[in-house]
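Notebook open, going through this one from the coordinates. I'll jot things down as I look them up.

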Amino acid sequence: MIKLPRRSLPLFGDWHSGTYATCTYKCNDECHKDAPNAGAQDTFAEVAERAISRRKMLKGAAVVGMVVGFAGALEISSAERSLAQDGSQIGFTPVPPNTADTVRVPDGYEWRTFIRWGDPILPGVGGLNSDYSNVTPEQQAGAFGYNNDFVAYLPATRGGEESRSGLLWVNHEYTNPELMFAGYDPDNPTADQVDVDLNAHGGSIVEIYTGRDGGMNYRRGAPLNRRITPFTPMEITGPAAGHPLLRTSADGTGRQVLGTLNNCAGGKTPWGTILTAEENFNQYFGLREDSEVPDADDEIRLSHERYGIEFEEEVEEPEPPPVDTSTDTPVGPIEGEESEEQPDPDPIPLASGRKWERFYDRFELTLEPTEPFRFGWIVEIDPYDPTSTPKKRTALGRFKHEGAEMTVTPEGNVVAYLGDDERFDYLYKFVSDGVYDPAMSAEEAGSLLDEGTLYVAVFEDTNTGRWVPLVFGENGLTEENGFTDQGDVLIRTRLAADILEATPMDRPEDVTPDQDRPGYVYVCLTNNTDREKPEDANAANPRTPNPWGHVIEIVEDGETGTAETFSWDFLLLCGDPEDPETFYGGFDKSQVSPISAPDNSRMTPTGDLLLATDGQPGGLGINDAFHFVPLTGSERGHVQQFCTVPVGAEACGPEFTPDGRTLFLAVQHPGDGGTITEPISQYPDAGRPARPGVVSIWKSDGGVVGT
């Protein structure tokens, strides 16, 4: 095994996923704060033996393959490509780990960035100039947004199979203002900067087509092109619609909301709509300097704090009185004299990181205390109807949604798997009451997401697990424990799951069902450096700390998503393969690509799992990447790196066309760690500061990607 290189990228803190800039704007520096659920695991987590000690032994060196090395260190011939997985074939030479400022793909593949931040998509909108100084709120509202995460391809016709032309939905999770505006002052953003920032969030829909060279292009001003922003009117549906906690001064009904925020991953429905997930919405809400901070025991404040919303500056404790070193006694009041008691200092209002509350009342916590309850949902959008109103589906719960991958059970129920991307938070699934019929209209089928049961996962030491329903009146979710109705349970999903003693996980992100093997589900756990002590470990999250993450394989009992019990095992315990605590599905670790911080995932056309990473720079000192992972047969666990992204970037949004001949990759926050005037990346356009964008990758011979 060739050694991993010493870290060369700008890192801050211990095993941090990225720079402070990324974490400030992506998740409000959550990695540097106590997790909202920190300490709760001590109440109910079962401490388990080290996972490696009770897993199957490695298969040894009998498998023919290759050693993956770094650029220039080892030459790998095409004859040394990996063996066929049972039923599939991975036929590419893995890309060596690197720190290059470009996208790197295997020999025999081509790629190009076909849309990037600021590219016009609506009629009458112009593009950005070379230093991006002409971006305005109006331009941004009609142009491709920033930081593209989830990518979803839909054929040109609803229910069709077209692969050379179709629609592409792209999430715009958050922005990096220091890479957008020259001289940006985070403490004093201008009104125009804030409005550009807002309009760069949300999502984009564009019509795309395949060019003569095999790469994708998008059509400017096409009829179905659309921008979704935090100003787009949306409807709230399901059990929480109309709930008092969702009513504001602008919407007394609790059924209408403006926009969507911090859209991370998502999913597609069988009826041709998009599910986009609201994640770190907490960072957008704050207090103005003259605001009165709510009392610490205020019920709404307590509910918000469980979701990471902060209300007051931390006040430093006064230093202890000086000590007389000759007697080791504090120097203070004379014995018998009463010291004057100092009153507690008034709480200092805490502004949000973006300061939007200075310009819009709805982001100010004392003016609109219930507005945050209107975010943290799964939003359904119909890309085929540009006049349709997006819907926030409350039956799927409210938390920091990473995604919403969907499957249909043999019985016809719709099942969505959902991760809450927070240290020590939980894994969920939703099962519809009704059954899906392909003859349904998109509107009829969408209503299936308004009636059903939301479950949270409990992992047992015996490699079994339970899905516990979050239903008002059951399992302690009662008025005695502070819940008023089912809408309240769903609005405060995290607090309800706390009562059910769900298993605290290491940041559950994408959860991908295997459509070819009913009941098989793969859960990405990205990392958790806050799980520090051995007693913090549990069976499903055994490493303390866990800066590299892992992937769990779930098999639903009866091989159906309606099951309330399951078995589970580890597919991967990520990290440097030379680390004895890593595990690669039982495969010989001398032959695998190193991987860290699995985040997004997608099933490949050949039945493998494709993983995108968010944190390899912090965990391994190498650029983030896409990795193919065989799931069955002799190659199970044979991780092979398929492509890498530029300096400072995160790999996001793996998506295939139906024929498997095009793979989409979202390059998020390239150049993180620099500024627009002092860039550390020039991706994708040489001579210009970095811009996030979407890449299409195809095989030079026109074959299926990965074969």
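Is Ala-597 buried or exposed? I looked it up in what is a predicted model: Ala-597 has 0% relative accessibility, so it counts as buried, the cut-off being under 20%.

I checked its backbone too. Phi of Ala-597 is near 60°, positive although the residue is not glycine. Most residues other than glycine have a negative phi. Ala-597 sits in the loop between strand S26 (583-584) and strand S27 (598-603).

Next entry, His-669. Here I found another positive phi in a non-glycine residue, about 40°. His-669 is buried as well, at 4% relative accessible area, and lies in the loop between S32 and S33.

Pro-684 is in the loop between strand S32 (662-668) and strand S33 (693-699). I noted a cis peptide bond from Tyr-683 to Pro-684, omega about 0°. The bond from Thr-544 to Pro-545 is also cis, with omega near -10°; Pro-545 lies in the loop between strand S23 (520-525) and strand S24 (550-556).

Then I traced a sheet. Its 6 strands run in the order S8-S7-S14-S13-S10-S9, open, with mixed pairing. Strands S8 (256-258) and S9 (263-268) are at the edges with a single partner strand each, so one side of each has no neighbour in the sheet. The twist averages 35° from one strand to the next. S7 (residues 233-237) runs antiparallel to S8, joined by 3 bridges, and I see Glu-235 opposite Gln-256 in S8.

Last, the overall tally: I get 9 helices and 33 strands, with 61% of the 707 residues buried.

Key. Residues numbered from 1 in each chain as written. Predicted model: local features only at pLDDT ≥ 70, side-chain atom pairs only at ≥ 80, totals over all residues. Heavy atoms only, no water. Pairing = 2+ DSSP bridges. Helix = DSSP H or I, 4+ residues; strand = E, 2+ residues; numbered from the N terminus. Axes fitted to C-alpha atoms, helices over the stretch in contact; angles between N-to-C directions. Buried < 20%, exposed > 50% of the residue type's maximum accessible area, 1.4 Å probe, protein only.
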